[in-house]
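Look at the sequence and model first.

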Amino acid sequence: MGPRLTSTIRAAVLAGLAGGAVDILAAFVIYRSATPVQILQTIASGLQGRAAYEGGLTSAALGLACHFLIAILFAGLFVAAARPAPVLLRQPALSGLGFGVVVYGVMNAIVVPLSLAPGGPPPPPHMIGLGLLAHALFGLALAFTAARAMRGVR
């Protein structure tokens with residue numbers, strides 16, 4: 001593996017960890033009526049279905065791992081897109097906000113519906129707004145971290 005690829009992977013991992021940390025902390029605040037363990041179990045329900053809510057800390061740990069894996073994968077897409085479009089790294093505020101909104105759409109229109117997570121009623125408008133805000137923050141943290149990590153990588 002060459003130094004350029006190693007630096008790119010490192011940037012994707014760091015950006016995914018930064019974005020994922022901001023996003024999960026935002027979820028803990030937005031859904032404060034649920035415990036962090038319940039929120040993480042909800043993430044795990046994408047793989048485990050309703051059984052995630054009976055899985056205790058094991059399911060919560062699976063949910064946390066899934067959350068960060070997905071964040072790192074999205075960061076990898078962002079970093080890969082920045083190669084042919086370096087403006088994404090030069091304008092991280094704009095690109096991060098846009099990317100966060102796109103991620104919100106992909107998660108809610110594709111990933112969650114295809115998962116085993118139990119369905120529920122559509123969220124009220126204020127929760128959609130808070131979800132968009134959380135994903136905008138995710139995108140900002142991801143883009144700024146990627147821009148910093150990719151500085152000097154050619």
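## Helix α3

The expected span is 1.5 Å times one less than the number of residues. Helices here are DSSP runs of H or I with at least four residues, numbered from the N terminus.

This is a predicted model: local features need pLDDT of at least 70, side-chain atom pairs count only at pLDDT 80 or more, and totals for chains, interfaces and linings use all residues. Residues are numbered from 1 along each chain as its sequence is written, and side-chain values use heavy atoms, with hydrogens and water left out.

Buried residues of α3 include S59, A60, G63, C66, H67 and F68. Further along, A71, F74, A75, F78, V79 and A82 are buried too. Buried means under 20% relative accessible area, exposed over 50%, and partly exposed in between (1.4 Å probe, protein chains only). The cover over these α3 residues includes α1, α2, α4 (87-90), α5 (92-114) and α6 (125-150).

## H67

H67 sits in helix α3. Its relative accessibility is 10%, so H67 counts as buried. Which residues does H67 touch, not counting those up to four places away in sequence? They are G20, D23, I24 and I43. Contact means heavy atoms within 4.5 Å.

## Helix α2

Helix α2 covers residues 36-48. Its 13 residues should span 18 Å at 1.5 Å a residue; the end C-alpha atoms are 18 Å apart, which agrees. A kink of about 25° is centred on T42. The bend at a residue is the angle between axes fitted to the seven residues ending there and the seven starting there.

I39, L40, Q41, A44, S45 and G46 are buried in α2. Their cover includes α1 (3-30) and α3 (56-82). After α2 comes G49, with a positive phi near 65°.

## The nonpolar patch

M1, L5, I9, V13, L14 and L17 make a nonpolar surface patch of about 530 Å². Patch residues have over 30% relative accessible area and no salt bridge; nonpolar side chains (Val, Leu, Ile, Met, Phe, Trp, Tyr) are joined within 5 Å, like charges within 9 Å. A salt bridge is a side-chain nitrogen of Lys or Arg within 4 Å of a carboxyl oxygen of Asp or Glu. Areas come from the Shrake-Rupley method with a 1.4 Å probe; for residues, only the protein chains shown count as cover.

M1 lies in the segment before α1. M1 is exposed, at 74% relative accessible area. L17 lies in helix α1 and is partly exposed, at 38%.

Conventions
Helices (H or I, at least four residues) and strands (E, at least two) are DSSP runs, numbered from the N terminus.
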